[in-house]
Amino acid sequence: MHVEIFLTFLEYLKAANREIVKPTLGYVKLFIHTQPPELVTSQLDQLVPVLLRWSHDHKNHFKEKVRHIFERLINRCGWDAVYAAASGDENEDGAKFLIATKKRKDRAKRKKAQNAENDEAADEVRSVIKA
């Protein structure tokens, strides 16, 4: 049942009307978060190309929304599965978008780890000064 509804929403993502696409992106995000990873992975070949159509759209922040959806997809299904669904001759820009998204996510993870390390060092210095 969920797959049938999901396939209907994929058709909505193909629409050119932004008023239809915006809530559909919200549903896709919810679908990815709530459904089992196996079900989401089975739908990647259909989902990824449709999402990549909106990856270059700056109006209504669709590019950021799509990037966030891809970050969730990578977390749930793995980088290899998502990238394989995006690879193809017509999706060269899409593959570049995914690589840039992965690099951005990895960079944020490294920065967060570095900030945590700096905070720990600062706490140690404060505790030594107080003693």
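Reply: Let us start with Arg107, which is partly exposed, with a relative accessible area of 47%. The model is a predicted one, in which local features need pLDDT of at least 70, side-chain atom pairs count only at pLDDT 80 or more, and totals for chains, interfaces and linings use all residues. Residues are numbered from 1 along each chain as its sequence is written, and side-chain values use heavy atoms, with hydrogens and water left out.

Me: Why is Arg107 called partly exposed?

Reply: Buried means under 20% relative accessible area, exposed means over 50%, and partly exposed is what lies in between (1.4 Å probe, protein chains only). Arg107 has a relative accessible area of 47%, so the label is partly exposed. Arg107 is found in helix H7, where a helix is a DSSP run of H or I with at least four residues, a strand is a run of E with at least two, and numbering goes from the N terminus.

Me: What makes Lys103, Arg104, Arg107 and Arg110 a patch of positive charge?

Reply: These residues gather on the surface as a patch of positive charge, since Lys and Arg count as positive and Asp and Glu as negative, while His and the chain ends are not counted. A patch is made of residues with over 30% relative accessible area and no salt bridge, like charges being joined within 9 Å and nonpolar side chains (Val, Leu, Ile, Met, Phe, Trp, Tyr) within 5 Å. The place of a charge is taken as NZ of Lys, CZ of Arg, CG of Asp or CD of Glu, and the areas come from the Shrake-Rupley method with a 1.4 Å probe.

Me: Which residues form the negative surface patch?

Reply: Glu117, Asp119, Glu120 and Glu124 form the negative patch. Asp119 lies in helix H7, which covers residues 92-130, and Asp119 is partly exposed at a relative accessible area of 49%. Glu117 is also placed in helix H7, but with a relative accessible area of 56% Glu117 is exposed, because that value is over 50%.

Me: How do you know that Lys102 and Asp106 meet in a salt bridge?

Reply: A salt bridge is a side-chain nitrogen of Lys or Arg within 4 Å of a carboxyl oxygen of Asp or Glu. The N to O distance between Lys102 and Asp106 is 3.3 Å, so the pair meets the definition. Both residues lie in helix H7, 4 residues apart, about one turn of the helix. Lys102 is partly exposed at 27%, and Asp106 is partly exposed at 28%.

Me: How many salt bridges does the structure hold?

Reply: The structure holds 2 salt bridges, and one of them joins Glu11 and Lys14 at 3.2 Å, N to O. Glu11 has a relative accessible area of 48% and is partly exposed, as is Lys14 at 39%.

Me: Why is Arg67 called buried?

Reply: Arg67 has 16% relative accessibility, which is under 20%, and therefore counts as buried. Arg67 is in helix H5, and its C-alpha is 9.6 Å from that of Ala100, 33 residues apart along the chain. Ala100, in helix H7, is partly exposed at 44%.
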